[in-house]
Amino acid sequence: MPDTSPQSAIETLRADFRARLSAASTDRDLKILDDEFLSRKSGSVTALLKQITAVPADQRREFGALVNTLKTDIETALTEARAALTASRPPAGAVDVTLPGREITIGRIHPLMRVRQQVEDIFMRMGYEILEGPEVEDDYHNFEALNMPPDHPARDMQDTLYLAAPIVGGTWGAHRRAIPDAQVRAATLLRTHTSAMQIRYMKTTPPPVRILVPGRVYRRDNLDLSHTPMFQQCEGLVVGEGITLADLKGTFEAMLQQLFGDVKVRLRPSFFPYTEPSAEVDISCQSCGGTGCGTCKHTGWLEILGSGMVHPAVFEAVGYDPEKVTGFAFGIGMERVAMLKYGVDDIRLFYENDLRFLEQFPL
Amino acid sequence: MKVLLSWLRELVDVKESAQQVAQKMSLRGFAVEGIEAIEDLSAEASATADAVLDFEVTANRPDCMSMVGMAREVAVAYGLPGPRLDHVRGAGPTASEAPRAGDPPAIQIIIDDPQLCPRYVGAVADVQVGPSPSWMQARLQAAGIRPISNIVDVTNYVLLELGHPMHAFDLARLAKAQIRVRPARAGETIKTLDGQTRTLSPDMLVIADGERPVAVAGVMGGAESEVSGTTRTIVLESAYFNPLSVRRTSKKLGLKTEASMRFERGADPAAAATAMARAIALIEEIGAGKARGAVIDEYPGKTAHRIMGLRREKIRGLLGGDVPEPDVTRILGGLGFELKPTSSGWDVTVPTRRVDVTREVDLIEEVARHYGYDRLPVTFPELDVPPQAPDPRIMRARHLRTILAAAGFSEALTFGFISEPAAAAFADAADLVPIANPLSENFAVLRPSVLPGLVDAIAHNRRREQRDIRLFEIGARFSRADGERRAIACAWTGAAAAEHWGGTARPVDFFDMKAVVDRVCDAIGVGIHTRPSDDAWLAPGRRAAVMLDGTRVGAVGQLAPALADSHGLVGSDPVYVAELDLDALEAAAAGRSLRVEPLPRYPSVTRDISILVDDTLAAADIRATITEAAPVFLVRVAEFDRYQGKGVPDGKVSLSLRLTFRSSDRTLTDAEVQGAMDAIMTALKNRHAAIQR
C-alpha cells in the first residue's frame with residue numbers, strides 16, 4: 001500500500017524536482033521549474049503547503065517546517081543552477097574555435113630547385129665554391145676545350161641547339177676579384193652541360209680547384225617521359241695534386257648518402273671525352289632494396305650521375321700541367337635526383353608547373 | 001652491338017648465362033640495353049635457349065662493334081683465353097693474304113687521295129649468286145641485319161664478326177674494270193643502294209669506276225653496280241677510310257649506315273686484309289664462288305703502331321690504389337697490347353684497332369676497367385685551401401625564392417625558348433634571338449622575357465580548375481642588344497585575399513602586384529619607383545615602368561587582355577604581371593652595406609591633410625611638392641584615402657595624406673609643425689590648385 005503520509009508527498013515532490021533539474025539546460029528551463037514549483041499561485045510547493053489543513057493538528061508544525069525546507073532547497077538549487085549556467089556561457093566576444101582559420105597563402109619552391117639547394121648545401125659543407133655561368137656559350141668553352149674538337153663523334157651524344165645570330169653571354173664570377181666580371185666572347189649555342197664553366201674557371205684560377213656549378217642546360221631532345229630539351233644540372237670539379245679516382249668514390253659515397261639516405265654506391269666504366277677514366281655512378285635501388293624491380297629494370301641499381309678523372313687534354317687547354325695535377329669532374333641531373341627521391345615517373349611534370357603537383361612539396 | 005650468345009661462346013669459352021655475362025660486362029664498360037631470349041641457333045646444342053645481348057658500345061670503342069671485339073673483352077673479364085678464330089663456324093681454308101703469283105690482276109685499283117683512303121684491298125671472285133646458308137642468315141637476323149644474297153651476306157657476316165665493313169661490286173658493271181678512289185666532282189650524282197639519287201660535292205670521297213661514282217666511300221654502295229641475281233663476277237672491297245671524311249660525308253648526306261658508323265669512329269687499317277681473307281674463305285666455304293687472281297692491297301698510308309710509356313707511379317697516382325703488376329700485364333696483354341718492361345713500368349705497343357688509346361691515361365683506364373672500380377680504395381680529398389664563399393647571386397636567388405613563396409607565389413620553371421609569336425609580343429622582332437635548328441615552332445626563339453612562359457603556366461593551371469594562381473620564376477632572358485641577362489618575373493590572377501567565412505574574397509589588382517615588386521626590391525636592397533609606361537603587352541591605364549635611379553629596370557601591370565587571350569586565357573580574370581632585371585638590381589645593390597640608424601629620441605607629430613585635386617594628377621607629383629615644400633623634419637608621407645563620388649566634383653579627386661614630423665635633436669613645437677603644414681598647403685595650392693577640404 002502506497003505511503004500517503006504528508007512526509008512522503010514532500011519526498012516525492014523533492015525527487016520530482018531533482019529529476020527535472022538534472023534535465024534542465026537553459027535559463028528558460030530553470031524559469032519553468034521556478035514557476036512550476038515555487039509560483040505563489042500555482043507552484044506545486046505552494047499547493048503542498050495549502051494541504052496543511054488536511055494534516056493532523058499535532059503534525060502541522062512539523063509538516064510546515066519540512067515544506068519550508070523543501071522550498072528553500074529548491075530556491076538554492078535553482079540559484080546555483082542559474083549561476084552554473086551563466087558560468088558555462090561564453091564571454092562576450094567569444095569565437096567559435098572550430099571554424100577554419102584565415103588562410104595565409106604560401107607558395108612552394110620548385111622541386112628541382114629544392115633538390116638543387118640540397119645538392120649545393122652538401123657540397124658547400126665539403127668546402128666547394130658554388131657558382132653560376134652563362135647559359136649561352138661558345139663552341140670553345142662548351143666543346144673544344146673539353147676535348148671535343150669539331151667533328152668529334154662524341155658531339156653526337158649531346159645534340160646541340162645553335163643560335164641563328166651570336167649574342168653576348170651572361171656574366172659570372174663578379175664576386176671573385178680574381179675573375180674579370182665579364183669574360184665574354186660571342187655565344188653561338190645553348191650550353192649542353194655546365195662543364196663549360198670548368199674551362200672558364202680554370203683559365204682564370206690556379207689550382208687547387210673545388211667548384212660546383214648548378215644551372216640550366218639545353219639539348220635538342222624532344223619532350224617525352226624521360227627527356228626535356230632543357231634540364232637542370234650540377235657540375236662539379238676538383239683539381240689538385242694527388243686527387244685520385246678513390247677520392248671521387250669517397251666524395252660520391254658521402255654526397256649520395258646525404259642525398260638519398262642509406263644507399264650503396266657503385267661505379268661503372270663509361271666514356272666521356274673530357275674524362276679518362278670515366279665512370280657512371282649508380283646507387284642501389286630503394287624501391288626494392290637492391291633485389292631488382294621495375295624501377296631499376298631488375299638490376300638493383302639506378303644510374304645517377306656521370307663522372308671521371310679530368311682528361312689531360314682539358315688541363316692542357318686551360319694551361320694546367322697534367323703531370324702535376326689531377327682531378328675529377330662529375331655532372332648530376334636534378335630531374336633524375338628528384339624523380340628518384342620523390343617517385344616522379346614523368347619528367348614533363350617538372351615543366352608544366354601544375355599547382356596540384358607543386359603544392360605537394362612543402363615549403 | 002647485338003651479340004648472339006652461342007656465337008660468342010664459339011669465340012670464347014664463357015659458361016655463364018646471358019644475365020651473368022650482361023652483369024659482368026656492364027661493370028667493364030658495356031652496359032646492356034636488353035637481353036632477348038631466342039631459340040638456340042647452334043647445331044650442336046640441343047634445345048637449350050640462346051640469347052641476344054644488346055651491348056651499348058660507347059663512341060670511343062669502334063673495335064667492339066664486332067663479335068671478335070666483344071669476345072676479347074669477355075675473355076679478359078673472365079680471365080679466359082681468346083678470342084678463338086681458328087675453328088669458328090664457316091671457317092674454311094684461309095685465303096692467302098699474299099698476292100697469288102702469276103695471276104693477272106682482274107681489276108685495277110687507283111687511290112687518288114691516300115689521306116682519305118690510306119688502304120684499299122680488292123679482290124675478284126667468280127660467283128653463283130643465291131641465298132646464303134640458313135645458319136648464316138639466322139646469325140645476321142639475330143643481329144638485326146636482313147639477309148639478301150650469299151655475297152652480300154658474307155660481307156655483312158664479316159662486318160659482324162670482325163667489325164670491318166666490306167662491299168661487293170658487280171665487275172661487269174664497272175667501266176674499264178677499274179676502281180678509282182677519288183673526291184667526287186661537283187654536281188656528280190649517284191643512286192645509292194637505298195634507291196635515292198644523291199648529289200655529291202668535292203669534299204666527299206667516292207669509289208668510282210673508269211667513268212662515274214659507284215659508291216660513297218665508307219657510307220653506301222651504288223645501286224647500279226649492286227650485286228644481283230645475274231652477277232657472275234664480283235669485286236670485293238675491304239678498305240680503310242679517313243674517319244673525319246666519312247663522318248662529314250655521312251652527316252652531309254644525312255645517311256648513317258653500319259659501315260659509316262664504324263669508319264667515322266675509326267676502323268682498323270690492319271683489319272682490311274684480314275677481313276678480305278675471311279670473306280674469300282667464307283665465299284669458298286659456303287660454295288658461293290671462288291677468288292680469281294691476286295688480292296690487291298694498295299696501302300699508301302701505312303699506319304705505324306703507337307708505342308707509349310706506362311708508369312706504375314701514374315697508375316697509383318690516378319687511381320689512388322695499387323693494381324698488382326700481374327693484373328696490369330694480364331689485362332693489357334689480354335686486350336692485345338704488347339708490354340715491354342722498363343725501369344718505371346712498361347713500354348706499351350697499341351694495336352691499331354684501339355683508336356681510343358693515345359695517352360698513358362687511356363692505358364690506365366683499361367687497367368682500372370678490368371681490374372674493377374669496386375676494388376679501388378675509397379678516400380676523401382683533402383681540403384688544403386680555405387673554402388670560398390658561394391656566388392652571391394645564388395644565395396640571393398634563394399632568398400628571393402623564400403620571400404616570394406612567403407608572399408604566396410609558387411616557383412615555376414619554364415623553357416628558355418618559346419614560339420616566335422609569343423616572343424614578339426614582348427620584344428622588337430629585330431631584338432629576338434632565333435635558334436638555328438629549333439626542335440619545333442614552339443621552341444623557335446630564345447625568350448626575351450620570362451613572362452610568356454609564366455603566363456602559359458597560368459593558363460595551364462586555369463584549364464585545370466585553378467582560379468587563384470600566383471607563380472614566379474627566376475631565370476635568364478635573351479636579346480640581341482643586351483645578350484643574356486637574369487630576370488625575376490611574377491604573375492598573379494584570381495583572388496588577392498582568399499575566400500573566407502569571415503569576409504569576401506578580393507580580386508588581385510595593380511597595387512597587390514606593385515607591393516610584390518616593392519618587396520623584391522627591398523629584399524635586394526634597392527629603392528625603386530614606378531611611372532606610367534606604354535608597353536603594348538600591358539593593359540593601358542594599368543601599366544608602369546619600374547625605375548631605378550632614372551633607368552628602367554622592369555615593368556608591372558595588368559597583362560593586355562588580348563595577349564592573355566592569345567595564351568589561352570579567354571574570359572579569365574585579369575592577370576597581373578611584373579618582371580625585373582635582376583642583374584641591374586643586383587648591380588645597383590652591390591657594395592651597399594647595412595648600417596643601423598640610431599632610434600629616434602624625440603616624439604613624432606602626425607597631421608592629416610585632405611585636398612581636392614585634378615584626378616589626372618599623379619600621387620607622386622603631390623608627394624614631390626610636399627617633400628620639396630616641407631622642412632627636413634617631415635619624415636613620412638602616406639596616402640590613406642582616395643575618394644571620388646558624392647561631394648567631389650567631376651574630374652576631381654579627394655586625397656587624404658598623413659604627414660609625420662620628427663626631429664632628431666628636439667621636440668617639435670606646435671608652431672613649427674603648423675608652419676610646415678602652412679608651407680605645404682601653400683605649395684599645393686600654388687602648384688596644383690589644390691583645395692583644402
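Biologist: What's the volume of the second largest pocket?
Modeller: The second largest pocket comes out at about 1100 Å³. Of its 29 lining residues, B:Phe510, B:Phe511, B:Lys514, B:Thr530 and B:Ala619 are the closest to the centre. A pocket here is an open set of points on a 1 Å grid over the protein atoms alone, with protein on both sides within 12 Å along at least five of seven lines, and a lining residue has an atom within 4 Å of a point. Grid points are joined across faces, edges and corners, and the volume is the space filled by probe spheres set on them.

Biologist: Before I get carried away, what sort of model is this?
Modeller: It's a predicted model, where local features need pLDDT of at least 70 and side-chain atom pairs count only at pLDDT 80 or more, while totals for chains, interfaces and linings use all residues; side-chain values use heavy atoms, with hydrogens and water left out. Residues are numbered from 1 along each chain as its sequence is written, and chains are lettered from A and ligands numbered from 1 in the order in which they are written.

Biologist: Back to that pocket: which domains does its lining draw on?
Modeller: Domain 4 (392-589) and domain 5 (605-692) of chain B each give at least three residues to the lining of the second largest pocket. Those bounds come from an automatic or database domain assignment.

Biologist: And how do the residues of that lining divide?
Modeller: The lining of the second largest pocket has 14 nonpolar, five polar and ten charged residues. Nonpolar means Ala, Val, Leu, Ile, Met, Phe, Trp, Tyr, Cys and Pro, charged means Asp, Glu, Lys and Arg, and the others, Gly among them, are polar.

Biologist: How do the lining residues of the largest cavity divide?
Modeller: Six are nonpolar, six polar and eleven charged.

Biologist: And the second largest cavity, what volume does that one have?
Modeller: About 90 Å³. It has 13 lining residues, the closest to its centre being A:Ser270, B:Thr58, B:Asn60, B:Arg61 and B:Arg369. Strand 7 (265-272) of chain A and helix 11 (360-371) of chain B each supply at least two residues of that lining. Helices (H or I, at least four residues) and strands (E, at least two) are DSSP runs numbered from the N terminus.

Biologist: Changing topic: which residues of helix 17 of chain B are buried?
Modeller: In helix 17 (residues 582-589), B:Leu582, B:Asp583, B:Leu585, B:Glu586 and B:Ala589 are buried. Seen down the axis, those buried residues fall within an arc of 165 degrees, so they line one face of the helix. That arc is taken over the directions from the helix axis to the C-beta atoms. Buried is under 20% relative accessible area, exposed is over 50%, and partly exposed lies in between (1.4 Å probe, protein chains only).

Biologist: What caps the N-terminal end of helix 17 of chain B?
Modeller: B:Asp581 does, with a side-chain oxygen 3.0 Å from the backbone nitrogen of B:Asp583. After helix 17 of chain B comes B:Gly591, with a positive phi near 85 degrees.

Biologist: Which non-glycine in chain A has a positive phi?
Modeller: A:Asn147 has one, near 65 degrees. A:Asn147 sits in the loop between helix 6 (139-142) and strand 3 (162-167) of chain A, and is partly exposed at 21% relative accessibility. In chain B, B:Ala689 has a positive phi of about 50 degrees. B:Ala689 is in the loop between helix 19 (670-688) and strand 33 (691-692), and is partly exposed with a relative accessible area of 48%.

Biologist: Is the peptide bond from A:Pro207 to A:Pro208 cis or trans?
Modeller: Cis, with omega near 5 degrees. A:Pro208 lies in the loop between helix 7 (196-204) and strand 5 of chain A. A cis bond also joins A:Glu276 and A:Pro277, with omega about -5 degrees, and A:Pro277 is in strand 8 (residues 275-284) of chain A.

Biologist: Last one: how far apart are the centres of domain 1 and domain 2 of chain A?
Modeller: 88 Å, taken over C-alpha atoms. Domain 1 of chain A covers 6-88, and domain 2 covers 111-134 + 191-358.

Terms used
On a 1 Å grid over the protein atoms alone, a cavity is a set of points where a 1.4 Å probe fits but cannot get out, and a pocket is an open set with protein on both sides within 12 Å along at least five of seven lines; lining residues have an atom within 4 Å of a point. A polar contact is a pair of N or O atoms within 3.5 Å; within protein, one must be able to donate a hydrogen and the other to accept it, and residues adjacent in sequence count only if both atoms are side-chain atoms.
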